[in-house]
Amino acid sequence: LALSVSAQKRRITMAAAEVPLMRKLLAGFVKPYFEKNPTAVTALELIHKEDAGPICYDHFAFRTFGVDGCGIDSIAQIFIDLGYKTRDELRFPAKKLRALWFSPPEHLYEVDGELENGPAPRIFISELLVDQLTEKSQSVIRKYTTAATQYNRHAATASVLNTLTWPTPSFADYQQLARESEYAAWTLVNGYSLNHATVSVHSLSQLCNISKLNQFLQSGGIKLNSEGGILKVSPDGGLQQSSSVADSVQYAFADGEVETVAGSYIEFAERLVLPAYSSLKLEEVRECHRREGFEVGNADKIFESTSSDQMGIQRR
Ligand code: OOG
Ligand code: NI
């Protein structure tokens, strides 16, 4: 996109004034994510070969246990301290989940660049409503969350260091949770690891249409989550999302057993220009002119990216 010289100057000035800690932190979350999740790397390499970019991130997502201070707040705090604002709540009664999303300081939506130099991503954090599970699953979860309480303020550190704040789980505990909530099982073994990073599709140069991008990724061998259809579209049509199926990871449980579990996935989101701004020229369109927020109906299907069903894993 051709930017006027004055607009470019304005953006550079803003970028210079920002907090370097935020940049390092964003880079810190994606480092273990790329190390553990080969599909995310392959997808980005495919896009990079075909498209001049920039590859920007629409949002980062985390999962938590909503109990003993291990819920949304535990990982949200650092983002709030860095100037993020709490936005809307989303509820998923059937999955026994709720989520909140957070927007970055406004000027960081509009920075030109990639990865940790580009626009700061929105943050999407969900939590399992643990009280609503069976007594058996609750007691499994609480065994770990009560052991982690003293580290509740260090969720982000644990994420960046690719470690859990609770003891390594046993396979029996994992299985108990997996039978009742695949989200719970994922969170037990992955903790505060980045659940997914989402590529901003409309920020790309050539593959800036999500249907075209999905075709391209599939022909490149990336398996996409087909729950409710590959493309998830909000009722207003403005938010369109797709995601890969999570990578299978060999996990060493506390009892020495090594088993296949779900790792993370990569998501793609296209935000269409709002009807009120449809007369703007493409080069005038900023992120604030596009469909904002998240959508329960889309998210409900995207959660399934780590399901054994989508991954083709047989549960014992
Ligand atoms: C989050 C699924 C929802 C979105 O963008 O709506 C989501 C998860 O799998 O933890 O990412
Ligand atoms: Ni997402």
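**View 1. Buried face of helix H5 in a predicted model.** The buried residues of H5 are Ser137, Gln138, Val140, Ile141, Tyr144, Thr145 and Ala148. The model shown is predicted.

**View 2. Span and bend of helix H5.** H5 covers residues 135-148, 14 residues in total. At 1.5 Å a residue, the helix should span 20 Å; its end C-alpha atoms are 20 Å apart, so the two values agree. A bend of about 25° falls at arginine 142.

**View 3. Surroundings of isoleucine 141.** Neighbours within four places in sequence are left aside here. Isoleucine 141 then contacts Phe65, Val67, Leu128, Val130, Leu133, Leu177 and Ala184.

**View 4. The nonpolar cores.** The largest nonpolar core has 80 residues. Phe60, Phe62, Phe65, Ile75, Leu128, Ile141 and Phe268 have the most contacts inside it. Helix H2 (residues 20-36) gives the most to this core, with six residues. A second, separate core has eight residues, including Ala246, Tyr265, Ile302 and Met311. In soluble globular proteins, nonpolar side chains tend to be buried together.

**View 5. The nickel ion (ligand 2) and its protein donors.** His59 (NE2), His196 (NE2) and Glu267 (OE) are the protein donors, lying 1.9 to 2.2 Å from the nickel ion. Their spacing along the chain is H-x136-H-x70-E. Histidine 59 lies in strand S1 and glutamate 267 in strand S10 (residues 265-271), so this pair ties together parts 208 residues apart in sequence. Histidine 59 and glutamate 267 are both buried.

Conventions. Residues are numbered from 1 along each chain as its sequence is written. Chains are lettered from A and ligands numbered from 1 in the order in which they are written. This is a predicted model: local features need pLDDT of at least 70, side-chain atom pairs count only at pLDDT 80 or more; totals for chains, interfaces and linings use all residues. Side-chain values use heavy atoms; hydrogens and water are left out. A nonpolar core is a set of buried Ala, Val, Leu, Ile, Met, Phe, Trp, Tyr and Cys residues joined through side-chain atoms within 4.5 Å. Buried means under 20% relative accessible area, exposed over 50%, partly exposed in between (1.4 Å probe, protein chains only). Helices (H or I, at least four residues) and strands (E, at least two) are DSSP runs, numbered from the N terminus. Contact means heavy atoms within 4.5 Å. The expected span of a helix is 1.5 Å times one less than its number of residues. The bend at a residue is the angle between axes fitted to the seven residues ending there and the seven starting there. Donors are N, O and S atoms within 2.8 Å of the metal (3.2 Å for Na, K and Ca); water is not among the atoms, so sites may look incomplete.
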